[in-house]
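Here's a quick tour of how the inside of this protein is packed. Have the viewer ready and follow along.

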Amino acid sequence: VVAYVEVWSTNGTENYSKTFRNQLVDMGAKVSKTFNKQVTHVVFKDGYQSTWEKAQKRGVKLVSVLWVDKCRAAGVHIDESLFPAANANQHLPSLLKKKRKCMQPKDFIPRTPENDKRLQRKFEKMAKELQQQKTTLGTNVPVLLFESNGSLVYSPTGKVYGAHNSAMKRRLQEMKEKRENLSPTSSQMMEQADVNTVDLLHEASLNLSRDTSCSGVKSGPAGHGVVAGSRKGCQDLLRPREESRKKGRGQKPTRTLVMTSMPSEKYSVVIQVVSKLKGFSLAREVCGSTTHVLAGKPRRTLSVLLGIARGCWILSFEWVLWSLEMGHWISEEPFELSNYFPAAPLCRQERLSCAGQYRGTLFADQPIMFISPASNPPRAKLGELVVLCGGRVTQVPRQASIFIGPSPGRKKETVKYLSETWILDSISQHKICASENHLLP
């Protein structure tokens with residue numbers, strides 16, 4: 001496979017080609033930077049009309065980004081006819097076709113004489129001029145000379161260099177000796193004034209905070225207004241443009257999306273698509289604002305279990321790819337991992353039918369539990385899962401009737417000592433598992 005990749009966002013401002021090129025290279029395919037005669041496949045989405053027409057004229061296979069992902073997931077060469085590329089601009093007149101201007105920053109490559117011919121010529125010219133200066137030291141040609149300490153000395157001609165340079169040396173030495181008595185320049189005075197101003201404002205704000213906390217605030221609305229107004233004035237002086245920076249900035253989306261078991265190449269795709277389609281903020285951990293958990297692989301991770309407990313969508317990576325293909329977030333149901341996590345749709349429906357804040361009832365009828373500090377997964381996460389599913393957790397072992405995790409001390413006959421998997425399996429299956437299968441010796 002020799003592939004040429006042209007993957008753009010729907011409005012033609014974001015170029016996603018690099019991510020899919022890297023995926024093809026990882027699978028052993030050759031990727032061409034140009035559409036030449038060796039190209040056998042074109043991965044196309046909202047690309048140039050000329051590329052589409054050229055591929056059709058040559059009979060090259062036009063495939064969508066889903067073909068790349070399916071080949072990677074299956075580890076085999078998938079039939080291209082199952083994932084044909086689509087061209088929304090195919091029937092538009094040439095005057096209406098969009099011009100493309102990528103808004104993404106280009107990779108920074110520092111300029112060096114090795115990779116920049118113009119810079120190389122400039123360096124060669126400077127070296128040549130320096131060589132000429134060295135060879136013309138005894139003539140009347142003006143030259144630039146450097147002293148041993150690195151200071152620069154200009155000599156108008158070589159003949160007068162000796163006498164003139166001696167006089168300049170004496171003058172420069174006198175200036176250096178008197179340097180400490182010279183007045184500062186205007187720029188130095190302005191810089192010092194700025195530093196002093198910031199220091200004074202900082203000290204004033206500290207003193208204000210100290211006086212407020214130590215001496216207290218005067219009773220009545222007048223005293224409170226003086227303190228609040230003074231602090232506000234100092235903050236405005238310290239950050240004069242803070243409000244202007246915040247103006248016009250859109251509010252952050254209230255719902256969050258969490259990724260789990262996600263390979264790095266897919267991770268970058270999700271970040272770009274979320275940035276383009278909007279509507280979500282990316283979060284590292286499942287929390288109260290999380291509505292979607294995206295699994296690169298169907299593994300039972302803490303993020304997946306927390307997502308189930310909170311009634312979130314548990315989706316496959318294909319949901320993002322199809323949304324990228326359509327240019328907007330599409331329905332989640334076809335991509336829900338309900339075969340792997342049957343509890344996910346049940347908890348999600350419970351969350352939708354719940355009028356107030358959702359809280360599961362899986363462990364509601366179970367006795368009080370104590371979770372061992374040596375448990376795995378961590379004690380805090382297990383406790384969060386139990387509470388989200390309606391259970392009760394105590395920090396005092398003698399108050400509990402169920403002990404979760406390793407118990408180093410003496411065991412009581414009235415207490416059940418269960419493995420951590422009892423909690424995990426019960427949440428995954430959305431039913432209380434038999435404790436006999438999870439007893440600790």
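This is a predicted model: local features need pLDDT of at least 70, side-chain atom pairs count only at pLDDT 80 or more; totals for chains, interfaces and linings use all residues.

The largest nonpolar core has 35 residues, and the ones touching the most other members are Phe20, Leu24, Val43, Trp67, Val270, Leu294 and Trp319. Several elements supply at least two residues each, including β1 (2-7), α1 (17-26) and α9 (264-277), but α3 gives the most, with five. Looking beyond four places in sequence, Trp67 is in contact with Leu24, His41, His77, Ile78, Asp79, Glu80 and Phe83. Apart from this core there's another one of 34 residues, with Phe341, Met369, Cys389 and Leu424 among them.

Now for helix α10 (residues 302-309): seven of its eight residues are buried, so the rest of the structure largely encloses it. Those buried residues pack against β7, β9 (290-295), β10, α12 (343-353), α13 (379-388) and α14 (421-429). Just after α10, Gly311 has a positive phi of about 75°.

On to the rings: the structure holds nine aromatic pairs. Here are two of them.

| Pair | Centre distance | Plane angle | Geometry |
|---|---|---|---|
| Phe280 and Trp329 | 5.3 Å | 90° | edge-to-face |
| Phe363 and Trp422 | 5.6 Å | 45° | tilted |

Phe280 and Trp329 sit 49 residues apart in the chain, and both are buried. Ring pairs also join Phe280, Trp319 and Trp329 into a cluster. Phe363 and Trp422 are 59 residues apart; Phe363 is buried at 0% relative accessible area, and Trp422 is buried at 1%.

There are charges over rings too: Arg348 has its charged end over the ring of Trp313, 3.7 Å from the centre, while Arg58 lies over the face of Phe35 at 5.3 Å from the ring centre.

Definitions and conventions:
Residues are numbered from 1 along each chain as its sequence is written. Side-chain values use heavy atoms; hydrogens and water are left out. A nonpolar core is a set of buried Ala, Val, Leu, Ile, Met, Phe, Trp, Tyr and Cys residues joined through side-chain atoms within 4.5 Å. Buried means under 20% relative accessible area, exposed over 50%, partly exposed in between (1.4 Å probe, protein chains only). Helices (H or I, at least four residues) and strands (E, at least two) are DSSP runs, numbered from the N terminus. Contact means heavy atoms within 4.5 Å. Rings of Phe, Tyr and Trp (its six-membered ring) pair if their centres lie within 6.5 Å; planes under 30 degrees apart count as stacked, over 60 as edge-to-face and the rest as tilted. A charge sits over a ring if NZ of Lys or CZ of Arg is within 6 Å of the ring centre and within 35 degrees of the ring normal.
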